Amino acid sequence: MAELQLPAPALAGDVVRLRAWRAEDVPGVVRAFEDPVIRRFSWRDEPFTEPEAREHLAGQEWARSNGDALSLAVVEPGDERVLLGEVSLHEVRPTRGSAAIGYWLAPAGRGRGAATQAVRLLAGWAFAELRIARLELTCGPDNTASQRVATRCGFSLEGLLRSHMPFRGGRRDSLIYSLLPGELT
Ligand SMILES: CC(C)(COP(=O)(O)OP(=O)(O)OC[C@H]1O[C@@H](n2cnc3c(N)ncnc32)[C@H](O)[C@@H]1OP(=O)(O)O)[C@@H](O)C(=O)NCCC(=O)NCCS
């Protein structure tokens, strides 16, 4: 599939700016994944070493070049060096008009609407620029903070995906939400 272009100009609001990952972000990613809350709810349940974090970011760039995903660093709008978290589109399927969205915030980035604004910015861009017709969001049934982000952005809860994904040596159910163009709040 065709490479996904980075949003230009960069997506930004009063709480966050979304930019391409940089080599300098590696220590921040390592620190973020030392947080047990991130590891409890995200796809990765182990901390990163620096080489693993570097490899992870290189993998994201590979996925972008394949047109499969677009991962962006969520940073402070006034100081791009301050990493708050990540927001990403994945499973991008232009012919089906579908994609999924995911996010995490380092502990210091929480409680100020950063995830909500990052999702609003990237979802709006995906609808306008990629012509996405259906955006999916999945999260653990016990991840109430993530569910509040989904609800604030206008996603509708569709149901429970049973045994949805490998998780901590077993499998996990997930709630599935969707957002259609015009529903973003
Ligand atoms: C999920 C996660 C990103 C949510 O973080 P968050 O800080 O709660 O979400 P937001 O950045 O949107 O901030 C919303 C909170 O800030 C408050 N807030 C302050 N100013 C705000 C503003 N301008 N706009 C919106 N919310 C604001 C809200 O009241 C809200 O708190 P509440 O939910 O207790 O009411 C975070 O908990 C996390 O990283 N968890 C681990 C990884 C994870 O679960 N990822 C998702 C996997 S599906």
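Let's start with Gly102: leaving out residues up to four places away in sequence, Gly102 touches Glu86, Val87, Ser88 and His90, where contact means heavy atoms within 4.5 Å. This is a predicted model, so local features need pLDDT of at least 70 and side-chain atom pairs pLDDT 80 or more, while totals for chains, interfaces and linings use all residues. Residues are numbered from 1 along each chain as its sequence is written, and side-chain values use heavy atoms, with hydrogens and water left out.

**Gly102**
- Gly102 sits in strand β4, residues 98-105; strands are DSSP runs of E, at least two residues, and helices are runs of H or I, at least four, numbered from the N terminus.
- Gly102 is buried at 16% relative accessible area (buried is under 20%, with a 1.4 Å probe and protein chains only).
- From Gly102 to Pro36 it's 66 residues in sequence and 18 Å in space, C-alpha to C-alpha.

**Ligand contacts**
- Of the 21 residues around the ligand (a heavy atom within 4 Å), Gly111, Ala115, Thr116, Asn143 and Arg148 come nearest.
- A ligand nitrogen lies 2.8 Å from a polar backbone atom of Tyr103 (polar contacts are N or O pairs within 3.5 Å).
- A ligand oxygen is 2.7 Å from a polar backbone atom of Gly111, and a ligand oxygen is 2.7 Å from one of Ala115.

**Shell around the ligand**
- Elements giving two or more residues to the shell are α2 (36-41), β4, α4 (114-129), β5 (134-139) and α5 (144-153).
- Helix α5 gives the largest share, five residues.

Terms used:
Buried means under 20% relative accessible area, exposed over 50%, partly exposed in between (1.4 Å probe, protein chains only). A polar contact is a pair of N or O atoms within 3.5 Å; within protein, one must be able to donate a hydrogen and the other to accept it, and residues adjacent in sequence count only if both atoms are side-chain atoms.
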